[in-house]
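Try each task on the structure first, then read the solution.

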Amino acid sequence: MREPAGEGRLMVHPVDTGASEFRMLRSLSASIGADPLLVQGAGGNTSIKQAGVLWIKASGTWLKNARDDEIMVPVALAPLLDAVAHRSPAAETAGQFTLVDLNPRQLRPSIETTVHALLPQKIVVHVHCVETISIAVQANAEALLEERLRGLDWALVPYRRPGLPLAQAISERLKPATNVLVLGNHGLVVAADTVAEAALLLQRVTGLLARPPRPSPSPDLDALLRLAAGSDYRLPASAAAHAVATDLASCRIAASGSLYPDHVIFLGVGSVIAGPGENAAAVVARTGSAPTSILFPGKGVLMRRDANAGAEAMARCLSDVVARVDGAARVNYLSPKENAELLNWDAEKYRQQLNREGATLQ
């Protein structure tokens, strides 16, 4: 696992279980959440199973806050698994299975609670690792994974909408020893019986999948400021976000569609590319909308002035992912139907509301 800037590398020791193991999971969660190459904004989730209860990150909360904030929600495991087995709509959000007395903030369980419930291991870690996504969006992902993950018990799960459809796809491919799942156009799941083992497995898998990003030219900040003049657009918070536009190979990949769910949720469908000679105001006039971000090929990115932390995190994520996709690769994009499913899904509307309000995001 990478060591985020300003953070000490997390050391996890295989000690006693129970409360200590729970504290270790919170520490691991915060470490993961502080690394933008593993988790962006409110993405990703972790869980622990104890005494018939699945404790899982709440929807819309940020893993980086796990040490200092109560972001874990208790869910009754047996009835949830029964609902999944019967394909009950109640399993979709898992809200009715939360233990109210242990959830004073009335937080909602993660939209991927069913995925965590299905895996038999005690500890489950799901990340939107850019190394994994950059492979999981490619048409030949299985061949690339076979080469890199040889010797591990892994499975590739084709893209399905997060929630019950994804859980059902996983159940069809899950074998007793499987502890690594690569989710098509989505991310990575690792599972183990202790936090220490989960941390080591995550470190091993992300290391095996790592590849250096394609070098990108520096942004033309003066030009971008001129292009933003008189508009509701500004420079992004992270300088790394510009690479998706300054590197033309990356820009071509991003221009063709949506690569993974959180991009759709926080930035909208696909990427808006400025045409030759267009400034931000001209792009808004042409599209009839005000996109959250605009890519100016060869120059960089502008963000809408009211873009919040979740959108900023996803703008950088896009640059990090596409810079690791070979320019000649065949890429699988989310279909119009899959984009619409995400935008019209009640569970994601809830997460979008939290993102807009800034609730639990900092």
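**Exercise 1.** Does A94 count as buried or exposed?

*Solution.* Before we start: this is a predicted model, where local features need pLDDT of at least 70, side-chain atom pairs count only at pLDDT 80 or more, and totals for chains, interfaces and linings use all residues. Residues are numbered from 1 along each chain as its sequence is written, and side-chain values use heavy atoms, with hydrogens and water left out.

Step one is the cut-off: buried means under 20% relative accessible area, exposed over 50%, and partly exposed in between (1.4 Å probe, protein chains only). Step two is the value: A94 has 0% relative accessibility, so A94 is buried. Step three is the place, the loop between α2 (77-85) and α3 (113-118). Helices (H or I, at least four residues) and strands (E, at least two) are DSSP runs, numbered from the N terminus.

**Exercise 2.** Find N185 and describe its backbone and its surroundings.

*Solution.* Go to the loop between β6 (180-183) and β7 (187-192); N185 sits there. Its phi is near 50 degrees, again a positive value in a residue other than glycine. Now check the cover: with a relative accessible area of 6%, N185 counts as buried.

**Exercise 3.** How many aromatic pairs does a search of the whole structure find?

*Solution.* The rule first: rings of Phe, Tyr and Trp (its six-membered ring) pair if their centres lie within 6.5 Å; planes under 30 degrees apart are stacked, over 60 edge-to-face, and the rest tilted. The search turns up one pair. The ring centres of F22 and W55 are 5.5 Å apart and the planes stand at 85 degrees, so this pair is edge-to-face. The partners come from distant parts of the chain, 33 residues apart: F22 in helix α1 (residues 19-33) and W55 in strand β2 (residues 53-57). Finally, F22 is buried at 15% relative accessibility, and W55 is buried at 18%.

**Exercise 4.** Which residues of helix α10 (residues 248-255) are buried, and what do they pack against?

*Solution.* Pick out A249, S250, C251, I253 and A254; these are the buried ones. Next, look for contacts, meaning heavy atoms within 4.5 Å. The partners of these buried residues are α9 (243-246), β9 (272-273), β10 (293-296) and α13 (309-322). Then step just past α10, where G257 takes a positive phi of about 150 degrees.

**Exercise 5.** Zoom out and describe the whole chain.

*Solution.* Count the elements: 15 helices and 11 strands. Along its principal axes, the C-alpha trace spans about 60 × 45 × 40 Å. Of the 362 residues, 57% are buried. Look at contacts with a separation of 6 or more: 71% of them join residues 24 or more positions apart.
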